[in-house]
Amino acid sequence: MDKFLTFTIVGLTLAAIYAIIASGLVLTYTTTGIFNFAHGAAGMLAAFTYWQLRYDWGWSAPIALFVVLLVLAPLFGVLLETVIMRGLQGTTETVKLVVSISLLLFMIGLAQLIWRPGVSRPMPSFFEGRTPIDLGPTTITWHQAITIAVAIAVAIGLRIFLTRARIGIAMRAAVDDRSLTMLNGARPNRVSMLAWALGTSLAALGGILIAPGPGLEAASLSLLIVSAYAAAVFGRLRSLPMTFVGAIVVGLAEGYLAGYLPQNQYLTGFRIASPAIILFIVLLVLPNPRLRGRMTRSREFFPMPTITGGLGFALTLVVAAVMLATTLSDADLITYGRVFPIGIVALSLVPLAGFAGQISLCQLSFAGIGAIVMAHLGAGGDPLALVWAVLIAAAVGAVVALPALRLSGIYLALGTAAFAVILDRWVFNLPRFEVFGLFEVNLFAGGSVAVDPIRAFGTEFDDPASQMIIAAVAFALVALLVVWIRRGRLGRRLLAMKDSEAACATLGLNLLRTKLTVFALSAGIAGLGGALYATQLTSVQPGNFELVQSLQVFALTVVGGIGAVGGALFAAVSLYAFLPLLTTLWPATVRWVGLLPGATGIGLGRNPNGAVHEIRQGFLPLLAARAVLTVMCVAVTGAYVLRLLDFIDNWTFVVLLIACPVIATIAAGLAKPRAVEVAAGHGAELHDVPVEWRGIDRPWTEADAEELDRRLGLSEVELRGVG
Amino acid sequence: MSADTNALLSVHDVTVRFGGNVALDEVSLDAVPGCVTGLIGPNGAGKTTLFNAITGLLPPDAGRVLLGKRDVTKIGPTRRARLGLARTFQRLELFSLLSVRENIRVAADIRRGWSRDKANPTEVVESIIDRIGLSDVADARVDALPTGQCRLVELGRCLATRPQVLLLDEPASGQNETETAAFAELLVELAHEGIAVVLVEHDVHLVMNVCQTVHVLDFGRIIATGTPEEIQQNEAVLTAYLGSVAT
């Protein structure tokens, strides 16, 4: 009984913290429609800041709390709202998600920049050392009592604020209808600023209260708050009372798990992953949403890739990989070789998230499954293991998809994120185990497993150069597969489903089967990427396949352009070539590069077409000028030969490689000025802009006015009459 | 209302509630092959809700929906579509990233995937594009088209599924007079081919010209049923549309 009470108190304390954090999340979500993935990270930053003020600088607790909770956190919230979130009104769910995920990555990077990881930062709980309060059969520490009291105060305070205060009522009104509230004289911008200030303060409060438990570690503290997300999902991200109920359920469940779950090596990870498991279950028992039609009008433009374009892209890539493989040192090849397997993982997002609009944040987990298969079935270098990696990852993908199919948008993102956490915190860490005595399952063997190089055609591909070329060829083939899918029946079907599930269903499409297909396909591709990644790493561990990496790959693929294979390459090159290159060139940047993926996502995540689209537009004149293109290819080949003969060194070669296309593009522009115009959106391309976006996406012309009249069906008489 | 034994679609006493609001109150109607059945009523009368209930996008709280002799009330939209039911949407639900041709192709491919009819989808699509008169813009992305043409694309998409029952939700809104005239001709043709058409439309001329039977829906109830001529004379209908005469 005592034990039960003790763990009830533990559970209620957790519940209190989750309730505080989750109510902040609900406030910001309801007033602005943005699910803030970085909400937990704001709490994390607050905990670090409090530690800095209170323990490093020795401020007194009340002053430190006042500064963090009532000055810095609200200011930070207002900053987020005005600088970042306000610009996201009317954008697609993917864009909102990418920006808030990028914000999460940025904040983790920021915390690691300011508070160097690996240093011990003890954070005592409140009134630590004071004798716990005696409750008869059990005791409650001061920290626990304060936490619970604060949560109750927050609940009462929010209730009064939202029902009595003028601006609180305006806040609830803004939730129902933003534009209507504006018409009625309220100022929604002020309302959302206040919501973000309040929400961030609540996150900060929760962060400070929770940090003494798990300790100050940026990434895990940011994601630990997954439990709070589960609580918020209880209230469907809208209802505060239900959120508090959810927090109590989740908190108590965690408390009792801590108290009663048997201690063994199989369940250690289970406890760590339990918030994610609860989140996953909560998502699954949510009532089935109605089939939706079009939500927001997308302004995406994913041009149909051509076969020639795809082949050209694939060939260029393989040639580039061969050039790099024959010129770079082994150490560099190990670093930069990862571009291709990670690129394949990013490619897996193109059909799934790009075409079908199904957001998945667990692609690296599928890659991890591919890696495990490669390690075990590929022992001795059997290339067939690659096929098994694809098939098994695809099967797991289909199994995950089955429950996840009921979810869409932000809920699907949360579900897949929870799945990733369940895998990387628990399943991947399981030791060897037997299933009903029938067969043995060995994942990462509770630590790491070695991966043998692939052996085929009597050769062992155990050097970084050949592994890089294999991965590049695989990337090129998968890219062609994705292009082929886009051009065919499945691609059209996926794009159709993204736009309107309701229309697809009423046309007789089996949505379940279509989603299963694309999930399995995507997981299979990610599995292949993981398997190749594993052969490059030679030894893999759960840490190689964590949620944070999935988030990075997802965010940067969207920045690159999730609807095209180029977007995937962009993500992989940014993460695994550009960042290492930057630190090689300027070692001083090494601590700053952690901020870059997040910052890129925040800055560029809004362009729905992606950076690659712009890059491709820039190269159009070059592709049109065949003569210049030929000269450029000859020049690149020449530079490569010079490098092979050791006439020039690597750096000169790289500079020449970059200079050739740049000079060629300028030359092509001079040779074919018309192509430049087309690329800039003048000329024939003008008519590709839908009529309602003319004058917004590009300058308004006389011809547009005429076309508009014609389309409205205005006759000459009517026009003159109006004039 | 007497159930027509020929009816390809029969709606029996369908009721839909949104919270306390009764959106549809025991609505019944039939659609027979070869006929265009009109469904008119003021905004908010429940016309689109009825279409949602018929197609299975919105499960009704009471009542039954029959396709031919088969009760489909409990089955989902996909299977209803495969039984020959197709619809267009008042709030367009086009596949905006695809061209006109691709939009129709998606529907043709879906049909080819499940049915025994293995007609060449390219030919099917081309003949439909020709029929709805969009050959000139077949390769344009649909979100670059004016609304009137978008509605034709939705119709074309339906035709590619070879429907027996066709529900059209305000297909003529956004069309100019010439387009509407051509559209009316097409509707009559489709009905003659044996399709049972249900038409929701605000363009009274169109309704009166092409429909054999007209139902009037107001506040979720059918307040009148009859031929176009009868409806035009009906007191209750005039009241619903014009408001009660001041006394």
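Contact here means heavy atoms within 4.5 Å. By that criterion, A:Glu254 touches A:Leu14, A:Tyr18, A:Ser227, A:Ser274, A:Pro275 and A:Ile278, leaving out residues up to four places away in sequence. The model is predicted.

**Buried residues in chain A**

- A:Glu254 sits in helix 11 (residues 240–260) of chain A.
- A:Glu254 is buried but has no salt bridge. The nearest side chain of opposite charge belongs to A:Arg271, 9.1 Å away. A salt bridge requires a nitrogen–oxygen distance within 4 Å.
- The side chain of A:Glu254 does make a polar contact with the side chain of A:Ser227, at 2.9 Å.
- A:Leu551 belongs to helix 23 (residues 547–560) of chain A. Its relative accessible area is 1%, so A:Leu551 counts as buried.
- Beyond its neighbours within four places in sequence, A:Leu551 contacts A:Ile101, A:Leu104, A:Leu105 and A:Leu361.
- A:Leu551 and A:Gln363 are 188 residues apart along the chain, yet their C-alpha atoms are separated by 9.0 Å.

**Four-stranded sheet in chain B**

- This open sheet has the strand order 2-1-4-5, with antiparallel pairing.
- Strand 2 (21–31) and strand 5 (70–71) of chain B are at the edges; each has a single partner strand, so one side of each lacks a neighbour in the sheet.
- Seven bridges join strand 1 (residues 9–18) of chain B to strand 2 of chain B in the antiparallel sense. B:Phe18 stands opposite B:Asn21 in strand 2 of chain B.
- Helix 1 (residues 47–55) of chain B packs on this sheet and touches strand 1, strand 2 and strand 4 (62–67) of chain B. The direction of helix 1 makes about 115° with that of strand 1 of chain B.

**Six-stranded sheet in chain B**

- The order is 6-7-8-3-9-10 in an open sheet with mixed pairing.
- Strand 6 (85–87) and strand 10 (221–226) of chain B form the edges; with a single partner strand each, one side of each is therefore left without a neighbour in the sheet.
- Neighbouring strands are turned by 20° against each other on average, direction ignored.
- Strand 3 (residues 36–40) and strand 8 (residues 196–200) of chain B run parallel, joined by four bridges. B:Gly38 has B:Leu199 as its bridge partner in strand 8 of chain B.
- Helix 6 (residues 177–192) of chain B packs on the sheet, touching strand 3, strand 7 (165–169) and strand 8 of chain B. Its direction makes about 160° with that of strand 7 of chain B.
- Strand 9 (residues 213–218) of chain B pairs with strand 10 of chain B in the antiparallel sense over five bridges. B:Leu217 stands opposite B:Ile222.
- These two strands form a hairpin with two residues between them, and B:Phe219 in the turn has a positive phi of about 45°.

**Salt bridges**

- The structure holds 19 salt bridges over all chains.
- B:Arg64 pairs with B:Asp71, the closest N and O atoms being 3.7 Å apart. B:Arg64 is partly exposed at 40% relative accessibility, and B:Asp71 is partly exposed at 36%.
- B:Arg101 and B:Asp139 meet at 2.6 Å, N to O. The pair links distant parts of the chain, 38 residues apart: B:Arg101 is in helix 3 (residues 100–114) of chain B, while B:Asp139 is in the loop between helix 4 (121–132) and helix 5 (147–160) of chain B. B:Asp139 is exposed, at 61% relative accessibility.

How values were computed
Residues are numbered from 1 along each chain as its sequence is written. Chains are lettered from A and ligands numbered from 1 in the order in which they are written. This is a predicted model: local features need pLDDT of at least 70, side-chain atom pairs count only at pLDDT 80 or more; totals for chains, interfaces and linings use all residues. Side-chain values use heavy atoms; hydrogens and water are left out. Two strands pair if DSSP finds at least two bridges between them. Axes are lines fitted to C-alpha atoms, for helices over the stretch in contact, and angles run from 0 to 180 degrees between N-to-C directions. Buried means under 20% relative accessible area, exposed over 50%, partly exposed in between (1.4 Å probe, protein chains only). Lys and Arg count as positive and Asp and Glu as negative; His and the chain ends are not counted. A polar contact is a pair of N or O atoms within 3.5 Å; within protein, one must be able to donate a hydrogen and the other to accept it, and residues adjacent in sequence count only if both atoms are side-chain atoms.
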